[in-house]
Protein chains: 4
Amino acid sequence: MENKDIDAVVICSSTDTHAQIISEAAEAGKHIFCEKPIALDISKIDQAITAVKKAGVKLQVGFNRRFDPSFKKAKELVAKGTIGIPHLVRITSRDPEPPPISYVKVSGGIFLDMMIHDFDMARYLLDQEVVELMAVGSCLVDPAIGEAGDIDTAIVTLKYENGAWGTIDNSRKAVYGYDQRIEIFGSEGCVMVGNLKPTEVIVNSAKDTISDKPLYFFIERYQEAYLAEMEEFINCI
Amino acid sequence: MENKDIDAVVICSSTDTHAQIISEAAEAGKHIFCEKPIALDISKIDQAITAVKKAGVKLQVGFNRRFDPSFKKAKELVAKGTIGIPHLVRITSRDPEPPPISYVKVSGGIFLDMMIHDFDMARYLLDQEVVELMAVGSCLVDPAIGEAGDIDTAIVTLKYENGAWGTIDNSRKAVYGYDQRIEIFGSEGCVMVGNLKPTEVIVNSAKDTISDKPLYFFIERYQEAYLAEMEEFINCI
Amino acid sequence: MENKDIDAVVICSSTDTHAQIISEAAEAGKHIFCEKPIALDISKIDQAITAVKKAGVKLQVGFNRRFDPSFKKAKELVAKGTIGIPHLVRITSRDPEPPPISYVKVSGGIFLDMMIHDFDMARYLLDQEVVELMAVGSCLVDPAIGEAGDIDTAIVTLKYENGAWGTIDNSRKAVYGYDQRIEIFGSEGCVMVGNLKPTEVIVNSAKDTISDKPLYFFIERYQEAYLAEMEEFINCI
Amino acid sequence: MENKDIDAVVICSSTDTHAQIISEAAEAGKHIFCEKPIALDISKIDQAITAVKKAGVKLQVGFNRRFDPSFKKAKELVAKGTIGIPHLVRITSRDPEPPPISYVKVSGGIFLDMMIHDFDMARYLLDQEVVELMAVGSCLVDPAIGEAGDIDTAIVTLKYENGAWGTIDNSRKAVYGYDQRIEIFGSEGCVMVGNLKPTEVIVNSAKDTISDKPLYFFIERYQEAYLAEMEEFINCI
């Protein structure tokens, strides 16, 4: 923090340390890239943001999916009116396997730890705020997650400020890999983003037609997005 | 009804006549195929069913989608455990254009007229009852539908007796055609059914890759299902 | 043939009887639909056509694939210039299993029995004559086919009158079903037709992504085409 | 070449310089990675290889496509018998636009400059030598290419040592991007590799269904392959 040659810091430590490091870095005059979320407690988030504003430094929170070429293109198509006025948004987001129970316990729960990305995506895609939401869910994947006080399967229905509706579904375990799909339906059409696969190989066998399952997890799926995200941060500072 | 050579009747008249004709046909000893719904009023449905039971005739209600080869195969895969224990069901059902306002007024509303098929599909796919549901919706397609006392866009979240969750989304107007997709996600995988297209033509142009939009509406999409449905009725009687 | 109430005949008997029946039907003043080929011997074909012309009746040869909605649309797109000037045509045509050896012996060989459809398709797609061709092939599927004097795997390269090139590949045995694909590549793009499948079901499993194999054989694949073909015949007479 | 700290050289200069630099580098004891082709003249290739052998250094020629994850997986599936005994190989390879005429003049022609990759792929996929081939082609894209003594559209039919057949088609101009597809058909099935697209976005419009065209050219399409190729070279030395 005291090194004058360093202009910026990238915070990838555990969530409970984020707010404190942000404040320290801001005071030291460093620009900050911080992995989501800033904190699990809104007052800590406010403190961190106040420190950032006071110091006049830049803070970027790591919502990597905004930098994915497919999601970005979908958003741009919506913004330029390709599908008319949005009526429905659908976000599917399923992990290939649950995190360790030790992580679940400090994660803040499925909504703050996992669906946070989808809430961000929901706002990003329409460039609108969500004004209302209903959440349901339960523990269907692993009872140990329930014992840790969390759920592993959840559906949220949300309403946008301009009247559109959205649904998000999350599961902590999709055996076929990282399932990351979106769909925006409007008065003039529908934009969809499907999953990415490691190869374009298709096998026609005597039994069926076989292709790859989706990329395994976020490292594989959002490789391009992570690079673009960091480039954007560097361009901003 | 008095013609002894006739074993069965097929009722395709308007909804408000169904219950009465069912009772008459049952009394005349005819087997009955009746388009959905039997009535908009549960007491009328009960009367009709009582008449059918008393007469010992067979009654089949026209849930054509159960006879669609794709949905049928999806259900069979779920039944034989291909995707393990079901956790999430997702049904998308969007019409290419709204019916005339005169029809909207007597239709019973989007849930009884349109989503009724999806409620049936939801039960059919898992062979389970739904124990709880939350419905939201509004009028986004055409204000005249709102003036007629109905909505044109709706999302229902539902809970199955065994703990799985489901969502259904409906729109009265998908400019790209009849959008009929389902997805059942479980502990061991996911089964999806996509839309059908009139041809398998793909055009690679200097601008993009173009393929057909989905089949226009139920007549085109469920042609095979209607035939199979009627065959099933004939086989049953 | 003597029945005055009959306007037309449909000939589906074995190839060696076609030419004779055509002549008889023509003399009797009947319009004629005849399954391909008219004969294996060009002089017999000429005799049959002469009889038809003399009688002033109509003769349609059963090239069912011209009535397939996908191939028809591909041809129409080419005709209206969507892909510019055609440069390359590619036809894949593979049967799910070889016919009985007894049939192979009288079939006229793979080119007259099987690739005849693809030669017709090649001419149909560009509305141009083929001026030159090179054929290679061998017996890779079943030695018994070779012993019967035929081959079971063949590739033909052909040149169109306007300079475009084409390739056709045939196999008597594709274990995954009837493989019927075409592709026309031109100065402004490319039109492709893929295979049709019985359902639109996709399964995401822990191992891979699975969908249906193509429809089994011509009865399934060209059902719509056979109906349209017969309708066209009836409309013509 | 005299710098002792340098273990290896990478040759990306124009084709006419390759053989000479290879010999010099070999004499200097450097391992060599050289872009294809070594030379247009077989005696020069032999001289270069002799120099390499004499020096005991390693030489890798830049056939980048062998390192593409999709083609590699296809080859591995063939090698482990997934499709049984190969009967047919089909390689489609079309550039998005022709090189400058100045390049065409010194390129060695479409077969040595462009189809060379496909000849390599043909051998790579089956791990078999080609024993016979027939080539046809003409100038359909741009007459200037013809005036430069080359052709821009070509089809090659080839026969493998074990009896399988193959076809390769090349065009110097596919307006929709870099078209790089392969297909290996055998006694037990078929493996295909399709094109890669920049995003997984699909738009359903009132007119049709639209997705991305393929990646533009080799830099985009084979990015992963180039990295893997260079890694392999480094691992080898």
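## Polar contacts between chains D and C

Across the interface of chain D and chain C, eleven residue pairs are in polar contact, both residues of each pair being at pLDDT 80 or more. The model described here is a predicted one. The interface of chain D and chain C also holds six salt bridges. One salt bridge joins Arg94(C) to Glu183(D), with the closest N and O atoms 2.8 Å apart.

Several strands of chain D contribute to the side that touches chain C. At least two residues each come from strand E4 (86-94), strand E5 (130-138), strand E6 (153-160), strand E7 (165-171), strand E8 (179-186) and E9 of chain D. E7(D) gives the most to this side, with six residues.

## Extent and symmetry of the D–C interface

In this interface, 34 residues of chain D are in contact with 33 residues of chain C. The area buried between chain D and chain C is about 2,700 Å², and carbon and sulfur atoms give 66% of that area. On the side of chain D, Arg90(D), Trp165(D) and Phe185(D) supply 21% of the area buried against chain C, more than any other three residues.

Chain D is superposed on chain C by a rotation of 180 degrees with 0.0 Å of shift along its axis, at an RMSD of 0.1 Å. The same surface serves both copies, as 97% of the contact residues of chain D recur in chain C.

## The interface of chains D and A

Chain D also meets chain A, where 25 residues of chain D are in contact with 25 residues of chain A. About 1,700 Å² is buried between chain D and chain A, of which carbon and sulfur atoms give 54%. Within chain D, the residues that lose the most area to chain A are Glu200(D), Val201(D) and Asn204(D), which together account for 30% of what that side buries.

Two salt bridges are counted between chain D and chain A. Lys73(A) forms a salt bridge with Asp212(D), in which the closest N and O atoms are 2.4 Å apart. The count of residue pairs in polar contact between chain D and chain A is ten, both residues being at pLDDT 80 or more. Helix H3 (69-79), strand E9 (189-193) and strand E10 (201-205) of chain D are the elements that give two or more residues to the side touching chain A.

## The axis relating chains D and A

The same surface serves both copies here, with 100% of the contact residues of chain D recurring in chain A.

## A parallel sheet within chain D

Within chain D, three strands form an open sheet in the order E1-E2-E3, and the pairing is parallel. Strand E1 (8-11) and strand E3 (59-62) of chain D stand at the edges with a single partner strand each, so one side of each is left without a neighbour in the sheet. From one strand to the next, the twist averages 10 degrees.

Strand E2 (residues 31-35) of chain D pairs with E3(D) in the parallel sense over four bridges. Cys34(D) has Val61(D), in E3(D), as its bridge partner. Helix H1 (residues 15-27) of chain D packs on the sheet and touches E1, E2 and E3 of chain D, its direction making about 170 degrees with that of E2(D).

Notes:
Residues numbered from 1 in each chain as written. Chains lettered and ligands numbered in written order. Predicted model: local features only at pLDDT ≥ 70, side-chain atom pairs only at ≥ 80, totals over all residues. Heavy atoms only, no water. Pairing = 2+ DSSP bridges. Axes fitted to C-alpha atoms, helices over the stretch in contact; angles between N-to-C directions. Contact = heavy atoms within 4.5 Å. Buried area = accessible area lost by both parts, 1.4 Å probe. Salt bridge = Lys/Arg side-chain N within 4 Å of Asp/Glu carboxyl O. Polar contact = N/O pair within 3.5 Å; in protein donor to acceptor, adjacent residues only side chain to side chain. Least-squares fit on C-alpha atoms with pLDDT ≥ 70 in both.
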